[in-house]
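Hello,

Here is the structure I promised to pass on. My notes follow below it.

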Amino acid sequence: MAIFSAQDLSLAFGDVALLDKAEFNIHANDRIGLIGRNGTGKSSLLKITADVIKPDDGDIKRQNGLTTAYVAQENQFTDGDTVFSAIADNIDNYKLLKKYYELAEHDTHNQELVHIQNTLDLLKIWELPNKINNIAEKIGLNSNTIVKNLSGGEKKRISIATALIQNPDVLLLDEPTNHLDMHGIAWLEETLQNFKGAIVLISHDRYFLDKVCNRVIELDRAKLTTFEGNFEYYQEKKAELLHNENVENAKFDKFLSQEEIWIRKGVEARRTRSVSRITRLKEMRETYSSRRSYQGNIKLEVSQGDKSGKIVAELSHVNKSFADRKIIDDLNVTLVRGDKIGIIGNNGIGKSTLVKILLGDLAPDSGKVKLGTNLHIAYFDQMREQLDPSKTLSHTISPGSDWIEINGRKKHVISYLNDFLFSPKRAESPVSSLSGGERNRLLLARIFAKPSNILVLDEPTNDLDIQTLELLEEKLIDYEGAVLLISHDRYFLDNIVDFIIAPTEKTGDWKMYIGGYEDWLRQSNYMQNIQNEVKKNAVANKINTSNNQNNEANSTKKSSYENRLSYNEKRELEQLPQKVKDLEIEQKHITQTLEALYETDVSGANAQAGRYAQIEEELMKLLDRWSVLEQKSNA
């Protein structure tokens with residue numbers, strides 16, 4: 001049975017219909033992921049559910065006594081707020097408790113005071129201050145900390161904690177993972193999995209949707225479509241629906257065309273026209289006119305600059321500290337042209353500092369930084385500080401000119417903005433009029449118009465819809481230059497990067513891992529599992545010895561010893577990633593030069609082709625050896 005039900009919901013802004021006779025139901029144990037393109041009305045639907053705004057039309061039914069807690073996309077706090085007051089002042093019951101203490105200070109015999117005291121007893125609100133302090137501790141914050149000094153991720157945790165402490169029947173979250181680091185996202189996933197009520201959340205984090213949701217509801221062209229499963233299930237079914245829709249539309253259009261030809265026939269045919277057929281044609285024309293086409297994707301094209309040198313940046317024994325805090329400790333990293341590197345870690349760990357040192361914008365305290373030649377950097381800033389709210393969209397893209405040049409081709413700025421789904425009439429609108437997702441699209445348009453061979457992207461996925469994320473992934477994969485990506489979007493990282501740079505448990509220590517997020521997770525957990533296994537074996541051996549089971553213990557120890565790596569094998573395993581990387585770089589260089597060689601030096605080209613095949617064999621041997629050593633180490 002639904003605890004919230006909405007039928008025939010309609011909502012429009014101006015002439016744009018966001019909801020058109022839509023149906024929306026929430027059941028007690030639902031974990032609903034609400035998805036759709038930016039600007040389709042997802043946040044408005046969430047606000048209608050929270051009773052923050054009213055629809056233009058529709059029938060809404062709520063279960064008696066149903067409580068909701070709504071967390072908006074943007075955090076809203078006053079300058080003087082502490083963590084405690086930021087949570088407490090948004091809880092109605094605490095306001096009642098606060099009023100009780102204010103009245104009690106002046107008149108303990110006040111009738112209103114007695115009434116409030118009875119209410120507080122009934123609702124068991126006296127322990128609320130302790131609960132607020134406890135939940136602040138759970139999210140890793142001190143109750144007395146001033147909120148304005150906190151990071152965006154910490155403020156987001158406060159907003160979510162404020163909703164959770166109210167223990168609502170329905171929890172409504174608008175982009176809850178924005179600004180959260182991976183530790184924060186893991187905390188949120190666990191918290192939501194243990195939450196007793198229903199959840200409706202808007203998110204473009206596909207990994208998060210897969211782990212948290214059991215239903216996906218898509219808002220598309222003012223209609224809601226429900227998919228009973230997680231995001232992976234939605235992707236499969238959505239592809240089928242779009243294919244079927246295209247087939248049905250094609251059949252409809254063909255039939256309509258035939259009927260239009262019939263109605264325009266000569267006088268003799270018009271005499272025998274069927275009234276019912278004419279009526280049907282009118283209805284078909286109305287259906288065709290009212291059909292809302294699926295919104296197209298943005299057209300991303302990255303302006304590629306001249307190639308940089310083979311080595312983009314090389315860091316040797318680099319150290320960096322701020323005051324007494326170690327940020328980087330003896331780091332050795334080489335960034336090569338074409339590398340796609342993801343940089344991950346909790347907020348405040350030093351990711352931006354690392355990038356600045358890699359690009360030569362910040363000097364290390366010690367160590368050597370060698371930068372490559374011919375570097376052209378395009379930088380995406382998560383705070384969008386490059387955007388001037390007072391400037392127009394067209395001026396932001398191409399100040400002082402109506403044209404831009406992308407990969408040698410001139411394009412009018414209006415047409416270029418249209419590629420990023422900004423209509424011509426919005427070209428002269430100020431940046432301040434844009435939503436968060438639109439500002440991200442505009443910033444992408446700005447940096448992609450600039451010729452570059454290094455892309456630095458700091459949290460580019462915030463506020464972007466799933467379709468745009470998928471297209472951005474494709475363009476970054478095809479980008480020939482180097483990419484430095486700071487992101488907490490695990491799905492995005494897995495699809496793009498070849499390497500992960502992440503901090504270890506040691507302060508200031510960073511390590512490079514081959515592969516994406518899942519590979520990093522496996523490798524880093526693998527080391528932890530080895531340590532746990534060693535401790536467990538030590539305890540087991542001690543127990544076995546005390547029970548006089550020496551033979552069995554010695555057998556276990558011998559088996560364990562045989563499976564351990566020797567010193568040389570350990571060294572070999574450590575060196576294998578670099579050997580593989582070097583061969584792949586050489587192979588990529590051969591691919592880039594082979595076509596030109598066949599035109600100028602056929603024998604040289606044949607030799608290079610032979611070397612390419614030889615590298616392929618060497619790579620297969622190295623990868624096989626890698627697998628053997630890892631399995632032996634894991635045993």
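How many aromatic pairs does the count come to? It comes to seven, where rings of Phe, Tyr and Trp (its six-membered ring) pair if their centres lie within 6.5 Å, and planes under 30 degrees apart count as stacked, over 60 as edge-to-face and the rest as tilted.

First, the ground rules. This is a predicted model, in which local features need pLDDT of at least 70 and side-chain atom pairs need 80 or more, while totals for chains, interfaces and linings use all residues. Residues are numbered from 1 along each chain as its sequence is written, and side-chain values use heavy atoms, without hydrogens and water.

**Aromatic pairs**

Phe-84 and Tyr-94 pair edge-to-face, at 5.8 Å centre to centre and 80 degrees between the planes. Phe-84 is in helix H2 (residues 83-88) and Tyr-94 in helix H3 (residues 92-106), so the pair ties together parts 10 residues apart in sequence. Helices (H or I, at least four residues) and strands (E, at least two) are DSSP runs, numbered from the N terminus. Both Phe-84 and Tyr-94 are buried. Buried means under 20% relative accessible area, exposed over 50%, partly exposed in between (1.4 Å probe, protein chains only).

Tyr-207 and Tyr-517 have ring centres 5.8 Å apart and planes at 85 degrees, so this pair is edge-to-face. It links distant parts of the chain: Tyr-207 sits in helix H8 (residues 206-212) and Tyr-517 in helix H18 (residues 517-546), 310 residues apart. Tyr-207 is buried at 17% relative accessible area. Tyr-517 is buried too, at 7%. Tyr-207, Tyr-517 and Trp-520 form one aromatic cluster.

**Charges over rings**

Arg-157 lies over the face of Trp-187, 5.4 Å from the ring centre. The charged end of Arg-441 sits over the ring of Phe-422, 4.9 Å from its centre. The rule: NZ of Lys or CZ of Arg within 6 Å of the ring centre and within 35 degrees of the ring normal.

**Helix contact**

Leu-128, Lys-131, Ile-132 and Ile-135 in H5 meet Ala-161, Leu-164 and Ile-165 in H6. Contact here means heavy atoms within 4.5 Å.

**Positive phi**

Asp-8 is not a glycine, yet its phi is positive, near 55 degrees. Asp-8 belongs to strand S1 (residues 2-13) and is partly exposed at 41% relative accessible area. His-179, also not a glycine, has a positive phi of about 75 degrees. His-179 is in the loop between strand S6 (170-174) and helix H7 (182-194). It is partly exposed, at 29%.

Best regards
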